[in-house]
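Morning, everyone. Please have the model up on your screens, and we'll walk through it together.

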Amino acid sequence: MLRAERGISRKDLAAALGVHYQTVGYLERGEYSPSLFLALKIAEYFEVPVEVVFSLHPFARLGS
């Protein structure tokens with residue numbers, strides 16, 4: 001959601017994080033749990049606390 005709101009492509013985010021662009025897709029679909037290091041890098045990239053990006057409880061789907 002943060003990526004889309006800010007108009008950042010998967011490829012651009014992946015390049016900034018040093019991961020493959022498909023990894024970003026897996027993360028967004030909940031098919032991959034990142035390492036703590038990657039989770040912190042994502043939060044730092046978006047300048048938000050890690051809890052804004054990741055939670056133990058599923059986020060509600062957009063539009064619900």
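Let's start with one pair. Arginine 29 and glutamate 31 meet through their side chains in a salt bridge, 3.2 Å from N to O. A salt bridge here is a side-chain nitrogen of Lys or Arg within 4 Å of a carboxyl oxygen of Asp or Glu. Side chains of opposite charge can pair when their charged atoms come close.

Some ground rules. This is a predicted model, where local features need pLDDT of at least 70 and side-chain atom pairs count only at pLDDT 80 or more, while totals for chains, interfaces and linings use all residues. Residues are numbered from 1 along each chain as its sequence is written, and side-chain values use heavy atoms, with hydrogens and water left out.

Back to our pair. Is glutamate 31 buried or exposed? Glutamate 31 counts as exposed because its relative accessibility is 52%. Arginine 29, at 45%, is partly exposed. The cut-offs: buried is under 20% relative accessible area, exposed is over 50%, and partly exposed is in between, with a 1.4 Å probe and protein chains only.

How many salt bridges are there by this rule? The count comes to three. Arginine 3 pairs with glutamate 28, and their closest N and O atoms are 2.5 Å apart. That pair links distant parts of the chain: arginine 3 sits in helix α1 and glutamate 28 in helix α3, 25 residues apart. Helices are DSSP runs of H or I, at least four residues, numbered from the N terminus.

Glutamate 28 also pairs with arginine 10, at 3.0 Å between the closest N and O atoms. Arginine 10 lies in α2 and glutamate 28 in α3, so this bridge ties together parts 18 residues apart in sequence. Put together, Arg3, Arg10 and Glu28 form a network of salt bridges. Arginine 3 is buried, at 16%. Glutamate 28 is partly exposed at 36%, and arginine 10 is partly exposed at 33%.

Now the nonpolar side. In soluble globular proteins, nonpolar side chains tend to be buried together. A nonpolar core is a set of buried Ala, Val, Leu, Ile, Met, Phe, Trp, Tyr and Cys residues joined through side-chain atoms within 4.5 Å. The largest one here has eleven residues, including Leu2, Ile8, Val24, Leu38 and Phe46. Helices α2 (10–17), α3 and α4 (36–46) each give two or more residues to this core.

Look at α2. Which of its residues are buried? Leu13, Ala14 and Leu17. Seen down the helix axis, they fall within an arc of 100°, so they line one face of α2. The arc is taken from the directions from the axis to the C-beta atoms. On the other side of α2, Lys11 and Ala15 are exposed. The cover over the buried residues includes α1 (2–5), α3 and α4.

Just past α2, glycine 18 has a positive phi of about 80°. Next, valine 19 is in the loop between α2 and α3. Valine 19 is partly exposed, at 25%. Beyond neighbours within four places in sequence, valine 19 contacts Ala14, Val24 and Leu38. Contact means heavy atoms within 4.5 Å. The C-alpha atoms of valine 19 and leucine 38 are 9.0 Å apart.

Last stop: threonine 23, in α3 (residues 21–28). Threonine 23 counts as buried because its relative accessibility is 17%. Leaving out residues up to four places away in sequence, threonine 23 touches Tyr32 and Leu38.
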